[in-house]
Structures are given as C-alpha cells and as structure tokens.
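The sequence and the model are shown first.

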Protein chains: 4
Amino acid sequence: MTYQAPWPGVDEAREQLVGLHLSLVDNGLVAWTSGNVSARARDARGQEVMVIKPSGVDYAELTAQKMVVCDLRGTVVAGGLSPSSDTAAHAYVYRHRPDVGGVVHTHSPYACAWAARREPIPCVLSAMADEFGGPIPVGPLSAIGDDTIGRAIVATLDGHRSPAVLMANHGVFTIGPTARAAVKAAVMCEDVARSVHFAHQLGIPKSIPPELVDRLYHRYQTAYGQRDHPVASP
Amino acid sequence: MTYQAPWPGVDEAREQLVGLHLSLVDNGLVAWTSGNVSARARDARGQEVMVIKPSGVDYAELTAQKMVVCDLRGTVVAGGLSPSSDTAAHAYVYRHRPDVGGVVHTHSPYACAWAARREPIPCVLSAMADEFGGPIPVGPLSAIGDDTIGRAIVATLDGHRSPAVLMANHGVFTIGPTARAAVKAAVMCEDVARSVHFAHQLGIPKSIPPELVDRLYHRYQTAYGQRDHPVASP
Amino acid sequence: MTYQAPWPGVDEAREQLVGLHLSLVDNGLVAWTSGNVSARARDARGQEVMVIKPSGVDYAELTAQKMVVCDLRGTVVAGGLSPSSDTAAHAYVYRHRPDVGGVVHTHSPYACAWAARREPIPCVLSAMADEFGGPIPVGPLSAIGDDTIGRAIVATLDGHRSPAVLMANHGVFTIGPTARAAVKAAVMCEDVARSVHFAHQLGIPKSIPPELVDRLYHRYQTAYGQRDHPVASP
Amino acid sequence: MTYQAPWPGVDEAREQLVGLHLSLVDNGLVAWTSGNVSARARDARGQEVMVIKPSGVDYAELTAQKMVVCDLRGTVVAGGLSPSSDTAAHAYVYRHRPDVGGVVHTHSPYACAWAARREPIPCVLSAMADEFGGPIPVGPLSAIGDDTIGRAIVATLDGHRSPAVLMANHGVFTIGPTARAAVKAAVMCEDVARSVHFAHQLGIPKSIPPELVDRLYHRYQTAYGQRDHPVASP
C-alpha cells in the first residue's frame with residue numbers, strides 16, 4: 001500500500017461513503033444495519049479526521065449528510081447522529097497506520113464461518129495471492145466498543161500482506177490506502193472465503209508454492225489495472 | 001424488550017406491513033406466498049387489535065387495504081380477505097406477551113435446516129450475542145392452524161433473551177416490541193443460522209465465554225443505534 | 001388437484017406464460033435458456049392444445065407471440081419457432097393426465113443434486129407436507145426428446161400426492177391444475193430441496209409422523225389461501 | 001464448434017462485449033473487476049483482431065469505447081486503456097484455435113472449488129452432457145500474464161468436447177464459436193459445477209452411461225434451439 005495522494009476533503013469523503021456502503025449491500029456482505037465503512041479525510045483547517053457511518057441506520061437511508069465526522073480519537077466533531085459503535089476500532093487503525101485511508105467492517109457470512117472456527121483462510125487460489133499475498137489471518141476474541149479491536153487489527157496484520165483480518169467469532173476488518181480499496185478487499189475477502197470453503201467441503205485443496213504466490217502478488221500489485229490507476233489506488 | 005410507545009393505529013400498521021413484507025422478500029426469507037408479519041395496533045375505539053397478511057396472497061400484490069384486522073382471539077374484524085393461516089399463533093402471542101408489538105413467521109432456509117434437526121443454533125458469533133443474547137431455542141413439533149404453535153412460542157421463549165424461536169420441522173417465529181423489530185430479528189436469525197451452518201460444515205466453532213455474550217448483548221441493546229432510537233425501538 | 005375451471009384460451013395462455021417464465025428466472029430455477037413452462041389451452045374451435053416455450057430462446061426475449069402452440073401429440077399448430085425440446089414429454093402428460101393444466105421443467109440446482117444421486121427428497125418440513133404431501137419421488141434415467149420422459153413422469157407420480165418428480169441425473173418436472181400451480185410446485189420443490197439438503201449437511205433431520213404429514217397436507221389443500229381461491233386453483 | 005459465419009466487425013464486437021460482460025455480473029460469475037470476455041473480430045482492412053475488456057475497470061463503467069483492440073499477438077492496436085492482464089492467454093487461443101470466436105475467463109466460485117482441488121467435474125447431469133459432452137477437465141498450475149495459460153488451455157481442451165477448462169488453483173476459461181457462446185459455456189460451467197458440488201456433499205452421484213452422454217450431446221448440439229440458430233451459433 002504505497003498510495004501517497006492527499007486524503008479527500010470531508011465533503012468528498014461523505015459522498016464517496018454513500019456509494020461504498022451501497023457496495024457492501026450489493027455484494028451481499030451485510031445484513032440489516034450491520035457493517036460500516038470509514039475514510040480518512042482532511043477538514044477545512046487541513047487536520048486529519050475520519051468520516052464514518054452513523055450507528056444502526058438503514059443502508060437505504062444513508063446520505064452524505066448523515067455520515068459522522070470524528071477526530072482520530074473517535075470523538076464526534078461534526079454530524080447530528082451517533083457514529084458507528086466500531087468507531088474506536090477505526091480510529092485506532094488510523095492513528096497507528098498512517099498509510100491507511102479507509103477501513104471496512106462486515107459480518108460477511110463465509111468469512112464469519114472461518115472466524116467462528118478461528119482458522120485463517122489458506123491461500124489456495126490465484127485471486128487470493130493477487131489481493132492478499134498469502135493467507136488471511138485471524139485476530140483474537142475481543143469485546144466491542146473500545147479500541148481493543150483496533151489494537152488487535154493492527155497487531156494481527158503486522159507482518160502480513162493481507163489487507164483483511166478475521167476477528168475471532170466476530171467478522172472481517174479490511175484496510176486500504178483509500179476507502180474504495182478497503183471495500184474491494186472486503187468484497188474479495190468474502191469471495192475467496194466462499195470459494196475456499198467450497199473447495200474444503202469436498203476434499204483438501206492443493207497448495208500454491210510460496211514463490212508463485214509471491215510472483216502473482218507482485219504482478220497484480222504492479223501490472224494489473226490501468227497505468228495511472230494501479231490496483232492499490234482509488 | 002422495554003419499548004413502551006403507544007401501538008400504531010390500524011391504518012399506520014397496514015401501511016407499515018406492506019414494506020415489512022417486502023423486506024422478507026428482499027432478504028430471501030420467503031418463497032412464493034409463505035411467511036407473514038403482523039402488528040399489534042389500536043383501533044378507532046382504542047381497542048387493541050392485530051393486523052396481519054391475508055392467506056396465500058402474492059407478496060407483489062400486497063397492499064395496505066388487503067391486510068386483515070383481527071381481534072386478539074384471531075377473529076376477523078375488518079378486511080375482505082381471509083387472514084394468514086397462522087393467525088391463531090400470532091393472536092396467542094399478543095394475548096400472552098403484552099410487551100410484543102410484532103410477530104413474524106418465515107421458512108427461511110438455513111433456519112429450517114436447524115429446525116428440521118431440532119437443534120438450537122449455538123451462540124458462536126458476536127452478532128448473535130448482540131441480537132439474541134445466547135442460542136436460538138427450538139420449540140416442539142406442532143400442528144398448524146390452532147393456537148398450539150402460539151403456546152409453544154411463548155413457552156419456549158420463556159427464560160431466553162432470544163426474540164427468535166425455531167419450531168421443529170417447520171420454521172422460524174420472531175417477536176419484537178414493534179413489527180419492524182420482529183422483522184429485523186427474522187433477518188438476523190437467518191443470517192446467523194447461515195454463518196453458523198457454514199462454520200460447522202468444516203469443523204467445530206470455538207465458543208464465546210458466557211460473560212462476553214452477556215457483555216456484547218448488554219452493549220448492543222443499550223449503546224448501539226441512535227440515542228433516541230435504541231436497538232429495540234422502531 | 002380438483003380444479004375444474006375451463007382451460008384458458010390460447011391467447012390468454014400465451015400471455016400467462018410470459019410472466020410464468022420470468023418467475024422461473026426470478027426464483028433462480030433456471031440458467032441461460034434451460035427450463036420451460038407449458039399450459040393446456042382451448043383453441044378457437046374448442047379443441048384442447050398446449051402452449052409452450054420455444055426452444056433455446058432467451059428468457060428476456062420471450063413474448064406472447066413467440067410461444068408455440070402444439071396439439072396434444074406435440075405437433076406444432078401455430079407459431080413460427082420450434083417448440084421446447086421437451087415438448088413430447090409435456091404432450092404425453094397432457095394426454096394421460098386430463099386433470100393437468102400446466103407442466104414445468106427446470107434444472108434447479110438443489111433438486112438436481114438429489115436427482116444426480118437418484119434419492120427422493122424426504123418429507124421433513126411442514127412446508128413440504130403442505131405442498132407435496134410426502135416425499136418427492138425420483139423417476140428413471142431417460143433419454144431426452146421423445147415421450148420416454150413423459151411416460152416416466154406419469155408412472156412415477158402415480159400413487160404420490162407430490163406434483164413434482166425428480167428425473168434421474170436430469171432435473172425436475174412439476175404438474176398442476178394450472179400452469180401457475182405447476183410453477184409454484186417448481187418453486188417450492190427447489191425451496192424444500194435446498195432446506196432439506198442443508199439439514200442433512202450437519203446431521204439427520206428428525207422425521208414427521210405420517211399422520212401429521214396427512215393432517216398438514218389436508219389443511220393446506222383446503223384451508224390455506226382465499227375461500228374462492230383455494231391453494232390448487234389459479 | 002462448426003460456426004463458419006464471418007467474424008463481426010470491430011465496432012459490432014465492442015458493442016456486444018458490453019452486454020456480455022454484464023451477463024457475467026448478472027449470472028454471479030465475477031467479483032469486483034475480475035473476469036473478462038474477448039471476441040475475434042475483423043478490422044476495417046479485413047485483418048483478424050481481438051477485442052477485450054480493459055484491465056481493472058468496473059463492470060458498471062464498461063462502454064464499447066473502453067474495450068481494447070489487440071492483434072492476435074496481444075499487442076494493442078486501438079484503445080486508450082491497458083487490456084486485460086489475461087490478454088496473452090486469449091491471443092494464444094485465437095492463434096491456435098481458428099474455430100474460436102470468443103474466450104471468457106472467470107473465477108466463478110463453485111468452479112474455483114473444483115479448480116483448487118484440481119479435480120475435473122464429472123459428467124453426472126444431462127445438462128452437462130448437453131453442453132460439455134463429458135467431464136470438464138483441469139489444466140496445470142500456471143503463472144499469469146504471459147501465454148503459459150493460453151498454451152495450457154489449448155493443450156487441455158485437446159481431445160475434449162468441453163468448451164470449458166478449469167485452470168488449477170485459478171478459475172475457468174471457456175471458448176466458443178462466438179463470444180456469446182463462450183459466455184453461455186461459462187454460465188453453464190458454474191451451473192453444473194454448483195449442482196455437482198451439491199450432489200457430492202451428501203453422497204456419490206450415480207453415473208450416466210457414456211452412450212447416453214453421447215446421445216444427449218449429439219441431440220443438444222443438433223436439435224436444440226431454432227433451426228436457423230442451432231445451439232453453437234450466436
């Protein structure tokens with residue numbers, strides 16, 4: 001994740017988050033009001049803030065104005081609604097991972113199955129090598145609401161190329177240089193969680209040699225997509 | 001379920017039920033004309049009544065006017081169509097659970113699988129602790145059409161925090177302080193029935209300690225959502 | 001199946017078949033151009049004919065005018081396109097089951113799984129007792145294109161209350177007093193094929209005593225739906 | 001595959017590819033920007049070229065103008081965007097299989113499960129005999145980006161009637177006399193991958209005798225569809 005563009009302004013981030021939240025719905029990653037996306041943004045004074053979904057609001061009723069702006073401690077600085085109950089976790093990630101521009105949380109069903117067994121998803125598909133560069137790791141069982149989960153996300157992802165982490169008995173958190181990249185990681189995480197689940201249902205998948213995983217990951221991160229829009233960019 | 005707002009008027013309930021029935025379709029909980037939602041309402045004289053789906057009518061053709069109004073014994077008091085064949089079960093719940101403002105019945109497929117084996121769904125996901133506060137219990141095998149199922153719903157839910165019950169070899173009933181809350185419980189019941197099914201397909205999920213289940217449930221019921229719209233409200 | 005209304009006219013049947021074919025798509029029962037629905041109808045001279053989907057035409061491009069009218073031997077009598085390659089099977093059913101007003105064929109995926117193993121679907125859900133009155137039986141492995149399948153459908157359904165039959169290594173045929181009732185049977189067949197599949201994935205479903213199956217079937221066939229539209233009518 | 005019509009012009013192919021890519025989405029074969037369709041076409045000078053999806057572009061944003069025209073070595077000859085990173089594989093197929101007018105690549109989930117285990121999909125459904133004339137074979141584990149995959153596709157399909165091949169730990173490639181036929185093969189490949197997966201989950205499917213597979217394949221390839229539009233044509 002080497003994206004170095006300036007963070008979006010708050011209004012731009014608010015607008016982007018409407019469409020990105022609908023992506024979670026369209027890709028079948030969320031049920032009812034669960035799940036959330038946030039983006040790191042820059043406010044009118046040039047300060048870094050985060051913009052996040054309000055807590056418990058229907059996806060169909062989300063608007064740019066309903067998004068909540070918080071500082072990087074998770075304190076609301078603009079918006080009339082309470083922020084996502086996962087705000088402290090997002091904020092922790094933004095404080096400790098200055099390269100991260102977006103964070104996504106879902107309870108997508110196949111990923112949750114791996115999370116409930118506390119098993120990492122093994123890297124047995126080229127699409128998984130492309131996006132995750134190896135297995136998707138599992139973080140510890142944690143309470144919700146304070147920054148415990150944020151700490152676990154950062155600690156678990158350390159040393160992995162994966163932008164996704166499964167939290168034990170809970171769900172998925174993904175990160176990216178932009179909120180859109182984090183949403184992509186959440187979509188691909190469920191996609192591979194599902195295919196690898198299917199593969200294991202009728203036997204044991206064959207493994208991909210680590211050198212090929214490296215080669216696939218490197219190619220995808222550098223050669224896939226458009227020249228001025230490599231894979232890790234918006 | 002501590003919602004104490006006045007019950008909606010009959011016309012308001014009729015309108016709400018149109019959208020809530022479409023939610024069952026949109027969330028994949030029903031096939032053809034199966035499934036139904038009812039709401040406790042107050043009629044023009046201030047009496048408590050229930051409003052429910054007509055029997056065997058296509059979801060796409062449901063209108064506010066087609067909903068059927070019954071007294072709390074299940075006798076039709078307004079509407080030109082026959083009410084759901086599960087009316088007696090809904091009526092029994094309203095009579096014996098004065099806190100209940102809405103009841104939902106579905107044959108959602110993953111929940112039906114647990115129901116066909118008569119196995120409660122174990123609480124191995126934080127989203128399940130949030131909404132159900134523990135396992136989703138199973139009621140007995142019952143005939144359909146009289147109040148046997150209503151009795152079984154009330155008896156089985158006694159002592160559980162779960163607003164959902166699986167009826168053996170049959171399907172799901174959920175309750176809530178409002179019809180909308182009961183629909184949410186039906187959506188979340190299928191969501192967790194599915195993820196826990198997936199988890200069990202490849203091994204045994206790890207358990208969540210009971211103290212953490214309690215903590216997650218308490219937090220979700222009190223801190224999730226908007227301050228003036230806690231989770232258990234409309 | 002005691003529906004005794006006159007069969008629809010050819011033009012009415014053509015129109016109905018457009019919507020009913022879209023129901024197959026909306027319910028996920030068909031891929032690409034597979035599957036078909038036919039209706040028994042009465043032509044301008046009062047003769048019984050059948051109206052059926054043309055072969056290999058996209059669902060999105062079906063119109064009333066593209067439907068093909070055949071006599072009850074399967075010979076085209078009106079329409080510029082070739083009829084479904086399953087026409088001989090449908091025609092055989094209409095000739096030998098004068099109570100049948102509609103026939104549906106699909107390769108719906110969960111039903112196909114039971115069909116590939118040549119296993120009847122056991123009746124372990126009340127919704128299955130309601131609609132099928134017992135297990136869904138399996139017919140023999142057959143070639144396609146002549147009336148071999150038609151014979152197998154009629155012979156296999158003899159002695160069953162089920163309006164659905166699985167054809168070995170092939171798919172589903174359903175019958176009904178109307179084409180709409182046959183489509184409903186196809187939708188419910190896949191719905192129960194799926195839930196019972198899920199149930200078996202994690203254990204053995206509990207059985208429903210035969211007396212209760214009878215009681216559920218009888219109630220559903222006589223008391224479900226609207227008084228002037230019992231379950232088996234259009 | 002005996003289709004002998006002239007290849008479409010470049011503009012016609014560009015237009016067709018928009019709709020065909022949306023078919024991949026509508027049939028649930030692709031996640032995010034993965035997957036691609038190409039068509040062999042004839043340019044203004046009468047030379048054979050291929051038209052293909054640009055790399056890493058959202059399906060919802062694909063237009064005829066964004067498609068990329070390459071020669072049959074995979075070198076871009078028209079279009080402002082980089083072509084699919086699978087372009088060399090497509091080009092190899094067009095060079096070595098002069099009968100092929102379209103190539104499709106997906107990571108459709110059930111097919112990927114068979115691919116991850118490197119198991120061919122056995123031919124246990126009549127719909128599979130119809131379209132594939134036998135099992136769907138598996139090609140070797142390969143790197144992505146050069147023509148290694150193209151070679152493997154051509155070599156693996158040699159001696160098979162199947163227009164689909166699973167690439168080990170990767171996904172599906174399908175071919176056809178037209179791009180539309182290749183998309184159909186991709187749709188049917190996932191459909192049978194899924195049904196046969198379901199069949200194996202609860203036991204062992206019964207086999208179809210090879211003579212009947214032959215008979216079903218022959219009938220489908222010659223008698224299915226409209227007389228002037230046999231199954232293998234556009």
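How many residues does the contact take from chain A and from chain D? In this predicted model, chain A contributes 32 residues and chain D contributes 33 residues.

**Relation of the copies**

Chain A is superposed on chain D by a rotation of 90° with 0.0 Å of shift along its axis, and the RMSD is 0.0 Å. That is the relation of a four-fold axis. The residue of chain A that comes closest to the rotation axis is A:Q201, whose C-alpha lies at 5.1 Å. Only 3% of the interface residues of chain A are also interface residues in chain D, so the copies meet through different surfaces.

The size of an interface is often given as the accessible area lost when the parts come together. For chain A and chain D, about 2,800 Å² is buried between them, with 57% of it on carbon and sulfur atoms. On the side of chain A, the residues that lose the most area to chain D are A:F198, A:L202 and A:Q226, which together account for 23% of what that side buries.

The count of salt bridges between chain A and chain D is 1. The side chains that meet in it are those of A:R180 and D:D58, at 2.9 Å from N to O. On the side of chain A that touches chain D, two or more residues come from each of helix 4 (126–132), helix 6 (179–201), helix 7 (210–223) and strand 9 (225–226) of chain A. Helix 6 of chain A gives the most, with 11 residues. By class, this side of chain A has 16 nonpolar, 8 polar and 8 charged residues.

**The contact of chain B with chain A**

Here 32 residues of chain B are in contact with 33 residues of chain A. Chain B and chain A bury about 2,800 Å² between them, of which 57% is on carbon and sulfur atoms. The residues of chain B that lose the most area to chain A are B:F198, B:L202 and B:Q226, together 23% of what that side buries.

Between chain B and chain A the count is again 1 salt bridge, formed by A:D58 with B:R180. Polar contact is found for 14 residue pairs across this interface, both residues at pLDDT 80 or more. Helix 6 of chain B gives the most to the side that touches chain A, with 11 residues, and by class that side has 16 nonpolar, 8 polar and 8 charged residues.

| Chains | Residues | Closest N and O atoms |
|---|---|---|
| B and A | B:R180 and A:D58 | 2.9 Å |

**The sheet of chain D**

Chain D has an open sheet of 8 strands, in the order 4-3-2-1-5-8-7-6 and with mixed pairing. Strand 4 (76–78) and strand 6 (138–139) of chain D are the edge strands, each pairing on one side only. Strands of a sheet pair through backbone hydrogen bonds, either parallel or antiparallel. Which sense applies to strand 3 and strand 4 of chain D? Strand 3 (residues 68–70) of chain D pairs with strand 4 of chain D in the antiparallel sense, over 2 bridges. D:C70 stands opposite D:V76, which belongs to strand 4 of chain D.

Conventions
Residues are numbered from 1 along each chain as its sequence is written. Chains are lettered from A and ligands numbered from 1 in the order in which they are written. This is a predicted model: local features need pLDDT of at least 70, side-chain atom pairs count only at pLDDT 80 or more; totals for chains, interfaces and linings use all residues. Side-chain values use heavy atoms; hydrogens and water are left out. Copies are superposed by least squares on the C-alpha atoms of residues with pLDDT of at least 70 in both. Contact means heavy atoms within 4.5 Å. Buried area is the accessible area (1.4 Å probe) that two parts lose on being put together, summed over both. A salt bridge is a side-chain nitrogen of Lys or Arg within 4 Å of a carboxyl oxygen of Asp or Glu. A polar contact is a pair of N or O atoms within 3.5 Å; within protein, one must be able to donate a hydrogen and the other to accept it, and residues adjacent in sequence count only if both atoms are side-chain atoms. Helices (H or I, at least four residues) and strands (E, at least two) are DSSP runs, numbered from the N terminus. Ala, Val, Leu, Ile, Met, Phe, Trp, Tyr, Cys and Pro count as nonpolar, Asp, Glu, Lys and Arg as charged, and the others, Gly among them, as polar. Two strands pair if DSSP finds at least two bridges between them.
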